Amino acid sequence: MQQPLFISHYAMINALGRDNQSIKRNLLAGNQSGIVSNDTLLNEGPIFVGAVQGELPTLNDRAIEFQTRNNQLAALAIAQLADPIAELKQQYGAQRIAVIVGTSTSGIAQGEQAMKARHAQGEFPSEYHYQQQEMDNLAQFICSELGLQGIALTLSTACSSSAKAFATAQEMIASGLADAAIVGGVDSLCGMTVNGFSALASTSAGVSNPSSRNRDGINLGEAAALCIVQKQGRVKLLGVGESSDAHHMSAPHPQGEGAAAAMTAALNAASYQAGDVDYVNLHGTATPKNDEMEAIAVATVFGKDTPCSSSKGMIGHTLGAAGATEVGLCWLLIGGSDYAPHIWDGQQDESLPAINLVAVGTQHPTKITTCLSNSFAFGGNNVSVLIGL
């Protein structure tokens, strides 16, 4: 029988805060103050985004290829994990700790700034290096910061990137290629993603409104979420389910077949039944098609009673960091009685199957022991992560 794996530590930075205590407090309160208007990212004018507030660590003394906002966000999370990772290095050695993370932006924002400078001045600025944009930059930066010498991978499957990292970590540890792993994702706001999703008519004119009849799209966000997956701890990584329905390049399967398959696969991996799950964190983007298909899929797998919510009305859609961020929000709920609320206008879309969207202050009768988090990406790349005591 395969040895169980645990998520022993978590570090998060997002629109709800810069540490776990602040994030949990604002999450349970339904705080949307991190969703702010930005007038520099979208070519056509202002747009609401989930932004990380406050100054970020300077990386001016690091190698030029590591000097990006993405890595500044990562540095905040790395600092929170420094002590337990030092203990892991002493226990296993720097070669036996894998780094498996997801991103979709990497340092694209620095590339955008460099291109503007080139148009204005005729050459790229001295602080720009092409490697800032490379997808693997994130994993290499984490290894550099922590002195790790093991397997280092950056996954980039759009919105499921950092959720897939949990599956890869399971495989690496089970196969004996690593004894522990740093798992997670980081994405930073940039013009490419904001204008790209706007071109797909997927962004909201205001603050996103998941599951509402009035929903009109997403608020993009930024976040860092890193955790330690190892063979001891409190919260178990119970199962990861993956599917690829390949229905359309950017639209989900209308009946949610791939989404349902991923949720079912996560349950099967843990030998759990749907009734064993206390809470489902929805992908919940507030786009018309996603919320429709996810309501169908959740109703198919869990019925109408399992408490669920989308956190994207408070943090935005953090793309490559979304999976690890929302697993992290579930990790904060485990062992307590409070559910993460579904923040919306309360205007039910009667065309959707009824699911149990929980309001601020809703509590479990005893304590939450099992949570499932959904992440669904372009191309029908679906991942569900099940964690619990």
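Which residues in α2 meet which residues in α4? N71, A74, A75, I78, I85 and K89 in α2 meet N137, L138, F141, I142, E145 and L146 in α4, where contact means heavy atoms within 4.5 Å.

## Basis of the report

This is a predicted model, in which local features need pLDDT of at least 70 and side-chain atom pairs count only at pLDDT 80 or more, while totals for chains, interfaces and linings use all residues. Residues are numbered from 1 along each chain as its sequence is written, and side-chain values use heavy atoms, with hydrogens and water left out.

## Helices α2 and α4

The contact of α2 with α4 contains eight nonpolar, two polar and two charged residues. Here Ala, Val, Leu, Ile, Met, Phe, Trp, Tyr, Cys and Pro count as nonpolar, Asp, Glu, Lys and Arg as charged, and the others, Gly among them, as polar.

Helix α2 covers residues 69–92 and helix α4 residues 137–146; helices are DSSP runs (H or I, at least four residues) numbered from the N terminus. Their axes are 9 Å apart and the packing angle is about 50 degrees. Axes are lines fitted to C-alpha atoms, for helices over the stretch in contact, and angles run from 0 to 180 degrees between N-to-C directions. The two helices, α2 and α4, are therefore oblique to each other (angles under 35 degrees count as roughly parallel, over 145 as roughly antiparallel, 65 to 115 as roughly perpendicular and the rest as oblique).

## Helices α5 and α10

Helix α5 (residues 161–174) packs against helix α10 (residues 322–333) at about 75 degrees, with the axes 4 Å apart. This angle makes α5 roughly perpendicular to α10. S162, A163 and F166 in α5 meet A322, G323, A324 and V327 in α10. Five residues of this contact are nonpolar, two are polar and none is charged.

## Cavities

The whole structure holds two cavities of 30 Å³ or more. On a 1 Å grid over the protein atoms alone, a cavity is a set of points where a 1.4 Å probe fits but cannot get out, and lining residues have an atom within 4 Å of a point. Grid points are joined across faces, edges and corners, and a volume is the space filled by probe spheres set on the points.

The largest cavity has a volume of about 90 Å³. Its lining has six nonpolar, three polar and two charged residues, and helix α8 (residues 288–302) gives the most, with three residues. The second largest cavity holds about 40 Å³ and is lined by T105, D187, S188, L189, T193, L220, G221 and L319.

Notes: 1 Å grid on protein atoms, 1.4 Å probe; cavity = no way out; pocket = protein on both sides within 12 Å on 5 of 7 lines; lining within 4 Å.
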